[in-house]
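Hi,

Here is the structure I said I would pass on.

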Amino acid sequence: MARVRQERAEITRQAILDGAAVAFDRAGFGGTSLSDVVRHAGVTKGALYFHFPSKEALARTLVDEQFQVSKDVPALEDPGLQTVIDLTHQMAAGLRTNARIRAGIRLVIEFGSFTSPDPSPYNAWIETCRSCLTPAQERGDIMPSLDVDDLSTFLVGSFTGVQVTSHVRADREDLHARVVDLWNYLLPGIVPASRIPLFDPAGSPSCRAALGQTGPQAPVPVG
């Protein structure tokens with residue numbers, strides 16, 4: 001019986017997170033009430049408070065969930081620049097298809113939503129990039145003159161700007177194309193010319209297959 005209760009509790013918790021994601025994605029933190037969450041989740045307020053003591057606790061859980069995209073990076077034997085390229089496309093796919101990821105990203109961007117701005121989500125993404133780009137630079141895939149910390153910070157900021165612009169202009173329908181643009185313009189400035197053909201700005205074959213994007217490799221400009 002205890003196991004059955006635990007399973008039911010987890011189902012309810014997931015329903016609450018799904019309902020919160022829909023509400024936050026549509027109206028943001030300030031525009032969402034707990035009544036909105038309850039309505040979208042199909043649960044009682046008592047059930048909501050059992051799992052989450054506040055709206056902020058719900059929001060922070062959704063913010064943390066976006067990092068599931070990069071959860072396998074620490075286990076990779078040979079992370080590198082292509083890993084980061086693939087992560088940007090995986091995040092782009094999540095933003096288009098997963099309300100939880102959309103809500104988490106919106107909550108991160110809404111600096112004024114919480115009592116004080118929290119840089120930890122950005123710092124976590126920057127650290128993920130750094131952990132991939134450092135070995136890439138050591139094997140000659142990133143120009144030795146570049147500071148990997150600065151490059152990682154720039155990449156996170158660039159992707160954030162690209163996805164926000166795509167959201168405003170095209171409801172993210174063109175997001176993968178815009179991410180390809182980002183890498184097409186960026187690679188010649190950070191990768192030695194002889195090594196540029198090693199990287200696919202549209203994502204690796206395995207990444208594209210996992211995302212259902214089976215088109216040809218995008219061309220990479222060499223300048």
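A word on classes before anything else: Ala, Val, Leu, Ile, Met, Phe, Trp, Tyr, Cys and Pro count as nonpolar, Asp, Glu, Lys and Arg as charged, and the others, Gly among them, as polar. Please also keep in mind that this is a predicted model.

With those classes, the lining of the largest cavity comes out as 13 nonpolar, four polar and no charged residues. That cavity holds about 260 Å³ of space. It has 17 lining residues, and the ones closest to its centre are Met91, Trp125, Val156, Phe159 and Thr160. Which helices supply at least two residues each to this lining? They are α5, α6, α7 (120-138) and α8. Of these, α8 gives the most, with five residues. In total, the structure holds two cavities of 30 Å³ or more.

Now the helices around it, starting with α5 and α7. Their axes are 7 Å apart and they pack at an angle of about 150°. Angles over 145 degrees count as roughly antiparallel, so α5 is roughly antiparallel to α7. On the α5 side the contact is made by Leu81, Thr83, Val84, Leu87 and Met91, and on the α7 side by Trp125, Thr128, Cys129, Cys132, Leu133 and Ala136. By class that contact has nine nonpolar, two polar and no charged residues.

Next, α7 against α8. This pair packs at about 130°, with the axes 8 Å apart, and the two helices are therefore oblique to each other. Their crossing is right-handed. From α7, the residues in contact are Tyr122, Trp125, Ile126, Cys129, Arg130, Leu133, Thr134 and Gln137; from α8, they are Val148, Asp149, Leu151, Ser152, Thr153, Leu155, Val156 and Thr160. That contact divides into nine nonpolar, five polar and two charged residues.

The α5 residues involved are Leu81, Val84, Ile85, Thr88, His89, Ala92, Ala93, Leu95 and Arg96, and they meet Leu175, His176, Val179, Val180, Trp183, Leu187 and Ile190 of α9. By class, this contact has 12 nonpolar, three polar and one charged residues.

Last, an open site: the second largest pocket, with about 150 Å³ of space. Its lining is made up of Asp25, Arg106, Ile109, Glu110, Gln163, Val164, His167 and Arg172. The elements giving two or more residues to that lining are α6 (99-109) and α8 (148-170). Which of the elements gives the most? Helix α8 does, with three residues. Here the classes read two nonpolar, two polar and four charged, whereas the lining of the largest cavity has no charged residues.

If you open the model, I would start with α8: it is the top contributor to the lining of the largest cavity and to that of the second largest pocket.

Cheers

Note on methods: Residues are numbered from 1 along each chain as its sequence is written. This is a predicted model: local features need pLDDT of at least 70, side-chain atom pairs count only at pLDDT 80 or more; totals for chains, interfaces and linings use all residues. Side-chain values use heavy atoms; hydrogens and water are left out. Contact means heavy atoms within 4.5 Å. Helices (H or I, at least four residues) and strands (E, at least two) are DSSP runs, numbered from the N terminus. On a 1 Å grid over the protein atoms alone, a cavity is a set of points where a 1.4 Å probe fits but cannot get out, and a pocket is an open set with protein on both sides within 12 Å along at least five of seven lines; lining residues have an atom within 4 Å of a point. Grid points are joined across faces, edges and corners, and a volume is the space filled by probe spheres set on the points. Axes are lines fitted to C-alpha atoms, for helices over the stretch in contact, and angles run from 0 to 180 degrees between N-to-C directions. Angles under 35 degrees count as roughly parallel, over 145 as roughly antiparallel, 65 to 115 as roughly perpendicular and the rest as oblique. A crossing is left-handed if the near helix is turned anticlockwise from the far one by less than a right angle, and right-handed if clockwise.
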